Amino acid sequence: MIVAGVGCKSGATAREIEAAIGAALSQAGVANGALGLIATSSAKTEEPGLAAVATDRGLKVVFVPQADLEAAGSRTLTHSERVRAISG
């Protein structure tokens, strides 16, 4: 299953999030329709842009607790130093 791990600033629009997902899939050489799930921090449960993208794509959003994100950090292909500085 292909999962898009989405981190975004508060108030990010669906258009911005969709563009980021599309760019990441393209860069990875993955078909746009292959995406099976969106995952994000549990801090993002109230982000309407994420909900809109998931609805438009017919996908579920999984909200991951911060401790689980931190535990998985060493296994990710990319990471944001800015986000690490803010959230650990």
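The chain comprises four helices and three strands, where helices (H or I, at least four residues) and strands (E, at least two) are DSSP runs numbered from the N terminus. The structure is a predicted model, in which local features need pLDDT of at least 70 and side-chain atom pairs count only at pLDDT 80 or more, while totals for chains, interfaces and linings use all residues. Residues are numbered from 1 along each chain as its sequence is written, and side-chain values use heavy atoms, with hydrogens and water left out. Read from the N terminus, the order of elements is β-α-β-α-β-α-α.

Of the 88 residues of the chain, 26% are classed as buried; this term denotes under 20% relative accessible area, with exposed meaning over 50% and partly exposed in between (1.4 Å probe, protein chains only). The accessible surface of the chain amounts to about 5800 Å², and carbon and sulfur atoms contribute 57% of this area. These areas were computed by the Shrake-Rupley method with a 1.4 Å probe, and for residues only the protein chains shown count as cover. Among contacts (heavy atoms within 4.5 Å) in the chain with a separation of 6 or more, 54% join residues 24 or more positions apart.

The three strands form an open sheet in the order β1-β2-β3, with parallel pairing; two strands are taken to pair if DSSP finds at least two bridges between them. Because β1 (2-5) and β3 (61-64) stand at the edges with a single partner strand each, one side of each lacks a neighbour in the sheet. Neighbouring strands of this sheet are turned against each other by 30° on average, direction ignored. In general, the strands of a sheet pair through backbone hydrogen bonds, either parallel or antiparallel.

Strand β2 (residues 35-41) pairs with β3 in the parallel sense over four bridges. Along this pairing, Ile38 stands opposite Val61, Thr40 is placed opposite Phe63, and Ser41 has Val64 as its bridge partner. The pairing of β1 with β2 is likewise parallel and involves four bridges; here Val3 stands opposite Leu37 in β2. Strand β2 is mostly covered, six of its seven residues being buried.

Helix α2 (residues 48-57) lies across β2 and β3 and runs at about 170° to β2; axes are lines fitted to C-alpha atoms, for helices over the stretch in contact, and angles run from 0 to 180 degrees between N-to-C directions.

Asp56 is located in helix α2 and, at 65% relative accessibility, counts as exposed. Although Asp56 and Ala14 are 42 residues apart along the chain, their C-alpha atoms are separated by 9.4 Å.
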